[in-house]
Amino acid sequence: MPRSLHLAGCLTAIMLLVGGCQREAEKPAAPPVRTVRTTTVEAPRQIGDLGFTGHVEAQDQAALSFRIGGRLAERLVGVGATVAEGEVVARLDPENELNDLRAARAALTAAEGALRKAENQHQRQEHLLARNVTSQADFEAAEQGRVAARAQVEAAQARVRTAEDIVAFTTLKADAPGIVTRVGAEPAEVVAAGRMIVQLARRDGRDAVFELPAETIRAIPADATIYVSLSSDPAVSVRGHVREVAPQADPVTRTFRVRVGLANPPPSFRLGTAVSGSIRGGEVSGIAIPATALAKNGQDTGVWIVDPNALTVSLRKLELLSRDPATAIVGKGLALGDIVVTAGANLLKEGQRVRLSGTEAR
């Protein structure tokens with residue numbers, strides 16, 4: 001074979017080989033197969049009944065205090081007293097404030113006399129000016145005197161109103177009906193402005209207050225019904241819902257204060273009464289999954305579900321009942337037997353192939 005033909009054949013083969021490699025390089029790379037950890041959805045586990053003890057407090061308490069300082073002349077109510085809205089509960093010695101009011105009223109009377117004198121002077125100057133008996137300058141001076149005297153009267157009236165308010169501040173009234181739970185001062189004491197004189201538990205509502213450990217709080221769903229009954233008579237019971245959980249634990253007991261709002265408690269639920277609270281585990285339903293399985297899709301929350309045949313994933317929207325850093329309780333969106341990705345969810349895409357952890361080739 002001639003040498004030239006041999007070289008031409010080699011060049012042709014090289015070009016075909018290079019072209020084939022370029023076509024292979026132009027093909028899009030398949031997404032990598034991710035190794036993920038999963039869990040299989042099981043039937044909801046019913047939690048056991050939870051029980052705890054506490055006491056009854058007012059849902060709304062107010063510390064009544066004077067807006068000014070002074071000597072407490074009398075306190076008209078004591079612990080346990082029932083007061084009505086607007087009822088007087090305490091008084092300060094008002095003598096100094098009454099003296100200031102008398103002085104303000106006397107200053108007002110003097111200012112009003114000066115105003116009448118200035119108005120008479122202005123009226124005389126006006127008549128004289130009309131007959132060209134007085135000068136324009138004297139008339140303007142009388143007019144300015146009348147304006148100044150009227151301003152003095154307005155200032156004196158304001159001082160009288162302020163003095164009257166301060167006198168009223170020496171009387172402490174209840175701003176709502178309720179029951180006195182504490183007192184902070186006795187008659188003849190000198191009290192500062194803002195010091196609690198009477199603590200009033202308003203009648204608007206009642207709370208059952210419990211001191212609970214963190215693990216118990218985590219076991220209580222956000223919408224759980226709390227059954228609260230009297231410790232002395234368990235047959236007297238009302239329902240309630242968690243209204244407030246203290247953000248910080250007690251430094252000594254390491255428990256959190258939980259306030260449960262009571263729905264129409266009977267009169268026997270008096271302030272300070274010992275009560276027992278319970279949650280019936282059979283009423284709590286929901287599927288628990290690790291919180292690490294949750295994935296965000298815009299405003300929606302979902303999880304990645306693995307197709308056991310194709311080993312691909314798809315994102316499914318969920319309806320959550322509650323959530324904490326460790327566990328999420330799902331109300332709707334999951335079925336028994338679903339395979340949920342619990343680790344590696346942030347690296348997945350719709351339809352991506354996965355490999356289940358523990359099934360890698362050895």
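Tutor: This is a predicted model. Begin with phenylalanine 52 and phenylalanine 210, which are both buried.

Student: What makes these two an aromatic pair, and why is it called edge-to-face?

Tutor: Ring centres must lie within 6.5 Å to pair, and planes over 60 degrees apart count as edge-to-face. For phenylalanine 52 and phenylalanine 210 the centres are 5.0 Å apart and the planes make an angle of 70°, which gives an edge-to-face pair. By this rule, the count comes to one aromatic pair.

Student: What does the pair tie together?

Tutor: Phenylalanine 52 is in strand β2 (residues 50-58) and phenylalanine 210 is in strand β11 (residues 206-212), so the pair links parts that are 158 residues apart in sequence.

Student: Why is leucine 271 called partly exposed?

Tutor: Buried means under 20% relative accessible area and exposed means over 50%, with partly exposed in between. Leucine 271 has 27% relative accessibility, so it counts as partly exposed. Its place is the loop between β14 (256-262) and β15 (274-279).

Student: Which residues does leucine 271 touch, leaving out those up to four places away in sequence?

Tutor: Contact means heavy atoms within 4.5 Å. By that rule leucine 271 touches Val56, Glu57, Ala58, Ile179, Thr181, Ala201 and Arg206.

Student: Which strands form the open sheet, and in what order?

Tutor: The order is β7-β6-β4-β9, four strands with antiparallel pairing. At the edges stand β7 and β9 (190-191), each with a single partner strand, so one side of each has no neighbour in the sheet. Inside the order, strand β4 (residues 70-75) and strand β6 (residues 88-92) share three bridges, and arginine 75 has alanine 90 of β6 as its bridge partner.

Student: How do you know that the length of helix α3 agrees with its number of residues?

Tutor: Helix α3 (residues 136-168) has 33 residues, which at 1.5 Å a residue should span 48 Å; the end C-alpha atoms are 49 Å apart, so the two agree. Its buried residues, among them Phe139, Val153 and Val167, pack against α2 (95-130) and β7 (171-173).

Student: What makes a set of residues a nonpolar core?

Tutor: Its members are buried residues of listed nonpolar types, joined through side-chain atoms within 4.5 Å. The largest nonpolar core has 18 residues, and Leu64, Phe66, Val83, Val89, Ala90, Leu172 and Ile197 touch the most other members. The elements giving two or more residues to this core are β3 (61-65), β6 and β10. A second, separate core has 17 residues, including Leu212, Ile220, Val260 and Val275.

Student: How many helices and strands does the protein chain have?

Tutor: There are four helices and 23 strands. Of the 362 residues in the chain, 33% are buried.

Definitions and conventions
Residues are numbered from 1 along each chain as its sequence is written. This is a predicted model: local features need pLDDT of at least 70, side-chain atom pairs count only at pLDDT 80 or more; totals for chains, interfaces and linings use all residues. Side-chain values use heavy atoms; hydrogens and water are left out. Buried means under 20% relative accessible area, exposed over 50%, partly exposed in between (1.4 Å probe, protein chains only). The expected span of a helix is 1.5 Å times one less than its number of residues. Two strands pair if DSSP finds at least two bridges between them. Rings of Phe, Tyr and Trp (its six-membered ring) pair if their centres lie within 6.5 Å; planes under 30 degrees apart count as stacked, over 60 as edge-to-face and the rest as tilted.
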